[in-house]
Amino acid sequence: MESIGVLMTCPPPDAYLVEQLEKRFTLYKFHSIPDKAHFLNSNKASIRAVVGSASAGADAQLIHQLPNLEIVSSFSVGLDKIDLAKCKERGIRVTNTPDVLTDDVADLAIGLMLAVLRRLCQSDRYVRSGQWKKGDFKLTTKFKKEWKIYPDHILESDMGRLVYVSVASVVDSSFTIIQDWGIGCPGLRNGTKFAFSKITWLNLRFLLVLSISNLVDFTDRIMVELSSVRILKPNLSFYRTVGLLFTGKSVGIIGLGRIGLAIAKRAEAFRCPISYHTRTEKSDVNYKYYPSVVELAASCQILVVACALTEETRHIINREVINALGPKGVLINIGRGPHVDEPELVSALVEGRLGGAGLDVFQDEPNVPEELFGLENVVLLPHVGSGTMETRKEMADLVIGNLEAHFLNRPLLTPVL
C-alpha cells in the first residue's frame, strides 16, 4: 500500500500515528505545505485517503479537488470538519474514533469541574510563586487594566485584600472612566485604570480606594457600609479565600450520548443530581429531562456541553442560556468551541453574570480571548480531551485500521458512511 497517497489535513496530532502512516502509505502533511494549491494540482491523482482531526478534515472544496478520494478517516469522534453530504454524494467512506476516548473526555469534564470549583490552578500558582510563605492563603481574580464594576460586585486587589469604594458626591449618569491614579494602596499598582459602568449612583465626584484585609466575613462577603463607603454585595461566590464544594452540586448535561452518559455516571459518584437535554427524551435513563437548554441551565449549578456540533447546536450556549445559569453557575465545555457564543461568554464572565467556566475548546483554536487570561474563575485547556498516551494510541490504531480495511476490501472498523 506504499503507493497509496494519504493526505493529513490537520497538524500531526500524534507522533505514533504519523510513524505508522509513513510505514504503510505515502503520507503528505498538508499543514506544512506552503503552496497548497500547487501541491494539490500536482498530487491530486495519487491521493486516495484523507486523515483529519477535530481541527481540520475534508470540506467540500478539498473533496472537489481530490478526484480519486475514497475514504476520510478522522482522528476524532466529531465529524463537523467533514462535509458528510459531499462524501455521501461521491460515495466516499468516512470513519471516526468513537468509544476509545469516552473515558478520557469524561474524566476531563469532571477534572474541569473540580479545578474551577476548588481553584486548583490558582492554588498551584500560589504555591509556585512563593506567596504561601508570605501570608494567609488568599486567591483572587487579578485586576485588569480596564474593569467594569456592577452594583452587586465586590472588588479585590492582587494580594487578596478587599477593596472599598468610597463615594463623596454625585453628578450625572454618564459612563465614567477614571485612570492614571497616583494613589499608592497595598496590593494595587499605581496608575491602574478602571472603568465604571452606569450604576445606581448618578455619578462620581471623586473616588477613594482603600485596600483592607480581613475586615469582613469571607463567608458572606458583604461589605458593610462605613461612613461614605458604598455597600457592595458580591454575586459571585468564587471570589473567596477557598474554593467551593463539588459534591452534591446539580449537573446538567447537553447531549447524553456516550460521553455525556459517562460524565453523568461519574458525577453520580459525587452525589450530584443529574439532568439533561437532548432532541428527544431518552427512555432508558432515570435522569430528569428538560425540553430546552434554557430550562436545563436554570435548574442546575454546573452545565456541561457534551453534544455533537451541528448547525442546530452551534451557539447552543447563548446569552439567554448563560443568564439562566447565572452568577453562581459554572459552564463546562468539552464539546466544540462553536457550541458557545464566545463573545457572550466572555462578557458574562467579565461582568459577573456567570460564575465560572472550564473550557477545553474554543471558537477559533488556538486563539483564545485574552479577556479570559486574567480571570481566576476560569480554567483554560488546549483541547486535550482525549490527551492521554493510551487513548491517543488507540485512536491512531483505529485510523490506521480503517484505512487498511478499506484498501484491503474488508469491513471498516468504525464506519460513519
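Arginine 271 counts as exposed because its relative accessibility is 65% (exposed means over 50% relative accessible area with a 1.4 Å probe, protein chains only). This arginine 271 lies in the loop between α7 and β13 (274–277) and, although not a glycine, has a positive phi of about 60°. The model is a predicted one, in which local features need pLDDT of at least 70, side-chain atom pairs count only at pLDDT 80 or more, and totals for chains, interfaces and linings use all residues. Residues are numbered from 1 along each chain as its sequence is written, and side-chain values use heavy atoms, with hydrogens and water left out.

Helices and strands are DSSP runs numbered from the N terminus (H or I of at least four residues for helices, E of at least two for strands). Helix α5 (residues 102–118) and helix α7 (residues 258–268) have axes that come within 9 Å and cross at roughly 50°, the axes being lines fitted to C-alpha atoms over the stretch in contact, with angles from 0 to 180 degrees between N-to-C directions.

The loop between β17 and β18 holds proline 366, which a cis peptide bond with omega of about 5° joins to glutamate 365.

Terms used: Buried means under 20% relative accessible area, exposed over 50%, partly exposed in between (1.4 Å probe, protein chains only).
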